[in-house]
Amino acid sequence: MEIGLIALILFGSLVVFLALGVPVSFTMGGISLILGFIFWGGMPSVDGFVLGSFSNLTQSVLTALPLYIFMAAILMYSDLADDMYECIYRWFGGLRGGLAGGTVIISSIFAAMVGVISVATATLGMIARPSMLKRGYDDRLTVGVIMAGGVLGLLIPPSIVMIIYAAESGVSTGALFMAGIFPGVLAAFLFILYSLILCYVKPEKGPAVEIGERYTWGEKLKSLKGIVLPLSVILVVLGSIYLGITTPTEAGAVGVVGALVSTAVKRKLTWANIKKIFIMTARLNGLVFWILIGAVAYARIVAVTGVGGAVARVITDTDINRWLILIAILLVFLALGMLIDTVAVLLITAPLFLPLLTSLGFDLVWFGVLFTIAVCIGSLTPPFGISIFIMRGVAPDISTQKIYSAVWPFIFLLLIAMALVLIFPQIALWLPEYMRN
């Protein structure tokens with residue numbers, strides 16, 4: 001069978017089954033088993049599927065995943081987000097747009113703690129939005145800052161997507177975590193700056209809290225205890241990696257202990273919450289690892305049939321500038337991010353794109369940051385961005401059309417952040433290089 005026909009069957013069937021709504025894991029795994037059966041017969045294809053999956057899923061880097069997912073589940077039920085928002089409200093409520101800028105900070109911190117878009121967006125959608133609307137904030141701005149801050153959990157470490165990218169690409173998880181810090185802070189800064197400027201020019205978008213509702217300095221200082229616990233968890237996880245005390249996997253275990261302590265201090269470590277924590281952990285782990293199993297089989301088929309190498313050779317043998325190829329790949333990620341889960345985007349495309357990028361001479365740590373920003377944008381982009389559906393679920397009173405209009409300014413700001421990282425790679429690479437030296 002010609003390589004072009006194999007490629008058509010391999011990628012065409014993937015698109016068809018995903019369009020029909022078949023789960024990503026079963027689509028990739030099923031296609032791989034069927035094609036394996038055609039090429040090698042029944043048992044050899046099954047043996048290859050099982051042995052390949054076992055080999056890849058037992059990589060040491062992937063042992064971090066259950067730990068970070070467990071940490072996210074614990075923090076989900078800790079009510080730390082309430083205290084963080086109260087702190088931001090007391091300190092920044094007196095500024096025009098202060099609550100919007102503060103919500104970006106809280107969304108970013110909480111998203112970084114849990115590493116999952118859905119948890120951060122849903123939690124802040126239920127906590128911050130009613131408070132901001134009560135104080136006269138424009139609903140589009142309110143929804144926009146919550147969703148934009150929520151997606152930064154993919155970029156600001158510790159990030160579950162980055163762990164999986166590290167496993168697929170072979171780069172250091174610690175280096176990738178460090179590479180995401182400055183781009184994530186840059187994106188958050190752009191969101192905050194936009195919110196403050198918009199509310200300064202149009203005060204009706206985000207009025208300052210009335211003088212009678214403002215807090216004294218003593219009350220403001222007292223509220224700082226609300227951010228001590230969450231910041232401590234992040235600093236312990238990232239600090240232990242940065243100082244070389246722990247590996248990223250060990251830091252995940254440290255983070256779990258920190259999250260448990262924080263939740264216990266908040267008196268939220270009840271039997272009911274413990275049950276919810278374990279259910280959420282089991283469900284998310286099952287979802288991620290089923291996708292990984294299907295992706296391993298799919299990557300094996302792409303490699304063994306020679307499709308990945310053939311596509312890479314065709315592209316590298318052309319006279320197309322390598323930067324245009326990189327931009328085209330990022331556009332693919334932007335499109336796919338609107339349609340399917342970020343983990344699935346990575347695992348579907350990794351067998352094809354990562355060898356190609358390596359052959360073109362791009363740094364895979366730097367590209368990992370670009371990929372993460374691209375899927376952040378895809379998660380926000382209408383009509384199918386996952387964050388849109390999450391926000392619609394927690395705020396059924398707001399129209400989908402209004403959510404669409406709310407996210408476009410933040411999509412544009414993320415594109416600016418991506419362009420800056422693309423033009424100035426040291427924004428992402430300076431810290432990892434400093435750590436190596």
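Three salt bridges turn up in a search of the whole structure, a salt bridge being a side-chain nitrogen of Lys or Arg within 4 Å of a carboxyl oxygen of Asp or Glu. This is a predicted model, in which local features need pLDDT of at least 70, side-chain atom pairs count only at pLDDT 80 or more, and totals for chains, interfaces and linings use all residues. Residues are numbered from 1 along each chain as its sequence is written, and side-chain values use heavy atoms, with hydrogens and water left out.

**Salt bridges**

- Arg 129, Asp 139 and Asp 397 are joined in a network of salt bridges.
- In one of these pairs, the side chains of Asp 139 and Arg 129 meet with an N to O distance of 2.9 Å. Asp 139 belongs to helix α8 (residues 139–151) and Arg 129 to helix α7 (residues 117–134), so the bridge ties together parts that are 10 residues apart in sequence.
- Both Asp 139 and Arg 129 are buried; here buried means under 20% relative accessible area, exposed over 50%, and partly exposed in between, using a 1.4 Å probe and protein chains only.
- Arg 129 also meets Asp 397 in a salt bridge, again with 2.9 Å from N to O. Arg 129 sits in helix α7 and Asp 397 in the loop between α19 (386–394) and α20 (400–423), so this pair links parts that are 268 residues apart in sequence.
- The relative accessibility of Arg 129 is 6%, so Arg 129 counts as buried. Asp 397, at 59% relative accessibility, counts as exposed.
- Lys 205 pairs with Asp 138 in a salt bridge whose closest N and O atoms are 3.9 Å apart. Lys 205 is in the loop between α10 (173–201) and α11 (217–223) and Asp 138 in the loop between α7 and α8, so the bridge connects parts that are 67 residues apart in sequence.
- With a relative accessible area of 22%, Lys 205 is partly exposed.

**The chain as a whole**

- The protein chain has 21 helices and zero strands. Helices (H or I, at least four residues) and strands (E, at least two) are DSSP runs, numbered from the N terminus.
- Of the 437 residues in the protein chain, 54% are buried.
- Among contacts in the protein chain with a separation of 6 or more, 81% come from residues 24 or more positions apart; a contact means heavy atoms within 4.5 Å.

**Helix packing**

- Two packed helices are described by the angle between their axes and the distance between the axes. Axes are lines fitted to C-alpha atoms, for helices over the stretch in contact, and angles run from 0 to 180 degrees between N-to-C directions.
- Helix α4 (residues 64–76) packs with helix α9 (residues 160–169) at an angle of about 175°, their axes being 10 Å apart. That makes α4 roughly antiparallel to α9; angles under 35 degrees count as roughly parallel, over 145 as roughly antiparallel, 65 to 115 as roughly perpendicular and the rest as oblique.
- From α4, Ala 64, Leu 65, Tyr 68 and Ile 69 meet Ile 160, Ile 163 and Ile 164 of α9. This contact of α4 with α9 has seven nonpolar, no polar and no charged residues, where Ala, Val, Leu, Ile, Met, Phe, Trp, Tyr, Cys and Pro count as nonpolar, Asp, Glu, Lys and Arg as charged, and the others, Gly among them, as polar.
- α10 and α20 pack at about 140° with axes 10 Å apart, which makes α10 oblique to α20.
- The crossing of α10 and α20 is right-handed; a crossing is left-handed if the near helix is turned anticlockwise from the far one by less than a right angle, and right-handed if clockwise.
- Residues making the contact include Leu 186, Leu 190 and Phe 191 of α10 and Phe 410, Leu 413 and Leu 420 of α20. By class, the contact of α10 with α20 has 14 nonpolar, one polar and no charged residues.
- The axes of α8 and α19 cross at roughly 130° and come within 11 Å, which makes α8 oblique to α19. Their crossing is right-handed.
- Val 143, Ile 146, Met 147 and Val 151 of α8 make the contact with Ser 387, Ile 388 and Met 391 of α19. The contact of α8 with α19 divides into six nonpolar, one polar and no charged residues.

**A backbone detail**

- Most residues other than glycine have a negative phi. Arg 267 has a positive value, with phi near 60°.
- Arg 267 lies in the loop between α13 (248–265) and α14 (271–304), and is exposed, with a relative accessible area of 74%.
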